[in-house]
Amino acid sequence: MKVNRLIIDSSESKTDLCELGIKYPTDKSPYVIHDGHRHPYTPIYDMLFASLRYKPLRFAEGGIAENMSMKCWRDYFPYAKLYGFEYLQNYIDKAINDNLYNTTYCFMDVSNPKSIKECFDSTGGRFDIIIDDMIHDITHNTIFAKTAYKYLNPGGYLIIEDVFRNKDENKYLDTFKDLIPYFSSMTFIVTEHDNRHSPGWDNDQLLVLHRNEKLC
């Protein structure tokens, strides 16, 4: 399989999810008003997920930080069951206190395959969307993906955020080679936007993997 590469400039796009990223300040939105990172992901996610928005999905995100992106997803996917995976207990405690509807949080050590499996097992089912926004390096991305794919429904998305744009993309193909039979496509999306802001990081890139129907 060849890894596809798209460059998408969403400067002329402002979706409902972009607006939610302002309401709940998250670095996934290029329109959020702060001096931190502004990744142009919300326009891309709206494009990918608009047809799924009002379905009873199972959705998981690893790396919840201040729980802002989970608040965005809660409003965007009103009928979904949401799960947030996190290593730092203070983030988990704060998120639980936010009392989001139909949302569950679980401890996960992304460096430990056993911890990843235990966390997924505790959720009791497969997912339609899994997002990795945890430790932004290929080693941990690979450890996570090699367990997470087993918990994806056919046609589901596994998305790795904040991929560094100056890294050799072929390294992902090399490290993910055992997973290739389980995905119908692997696409890097280089996200551009007039408001894009990631100084010193330059990691405004997604890796989108689309699950096929091959059994684990």
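Is C119 buried or exposed? At 1% relative accessibility, C119 counts as buried, a class that takes in residues under 20% relative accessible area, with exposed set at over 50% and partly exposed in between (1.4 Å probe, protein chains only).

## Basis of the report

The model is predicted, so local features need pLDDT of at least 70 and side-chain atom pairs count only at pLDDT 80 or more, whereas totals for chains, interfaces and linings use all residues. Residues are numbered from 1 along each chain as its sequence is written, and side-chain values use heavy atoms, with hydrogens and water left out.

## Cysteines

A disulfide is a covalent bond between the sulfur atoms of two cysteines; here the criterion is a pair of cysteine sulfur atoms within 2.5 Å. The count by this rule is 1 disulfide. C106 and C119 form the bond, with 2.4 Å between their sulfur atoms. The pair links distant parts of the chain, 13 residues apart: C106 belongs to strand 4 (residues 103-107) and C119 to helix 5 (residues 113-123). Helices (H or I, at least four residues) and strands (E, at least two) are DSSP runs, numbered from the N terminus. Like C119, which is buried, C106 counts as buried, at 14% relative accessibility.

## Nonpolar surface patch

Y87, L88 and F107 make a nonpolar surface patch of about 300 Å². Patches are made of residues with over 30% relative accessible area and no salt bridge; like charges are joined within 9 Å, and nonpolar side chains (Val, Leu, Ile, Met, Phe, Trp, Tyr) within 5 Å. A salt bridge is a side-chain nitrogen of Lys or Arg within 4 Å of a carboxyl oxygen of Asp or Glu. Accessible areas come from the Shrake-Rupley method with a 1.4 Å probe; for residues, only the protein chains shown count as cover.

F107 is found in strand 4 and counts as partly exposed, at 39% relative accessibility.

## Largest pocket

The largest pocket holds about 490 Å³ of space. Of its 28 lining residues, G63, I64, A65, D133 and H136 are the closest to its centre. Helix 3 (68-76) and strand 3 (81-86) each supply at least two residues of the lining.

A pocket is an open set of points on a 1 Å grid over the protein atoms alone, where a 1.4 Å probe fits, with protein on both sides within 12 Å along at least five of seven lines; lining residues have an atom within 4 Å of a point. Grid points are joined across faces, edges and corners, and the volume is the space filled by probe spheres set on the points.

## Backbone and chain ends

Most residues other than glycine have a negative phi. N102 has a positive phi, near 50°; this residue lies in the loop between helix 4 (89-98) and strand 4 and is partly exposed, with a relative accessible area of 29%. D162 also has a positive phi, near 60°. D162 is located in the loop between strand 6 (152-160) and helix 7 (170-175) and counts as buried, at 5% relative accessibility.

V3, in the segment before strand 1 (4-9), is buried, with a relative accessible area of 11%. V3 and Y172 are 169 residues apart in sequence, yet their C-alpha atoms are 8.8 Å apart in space.
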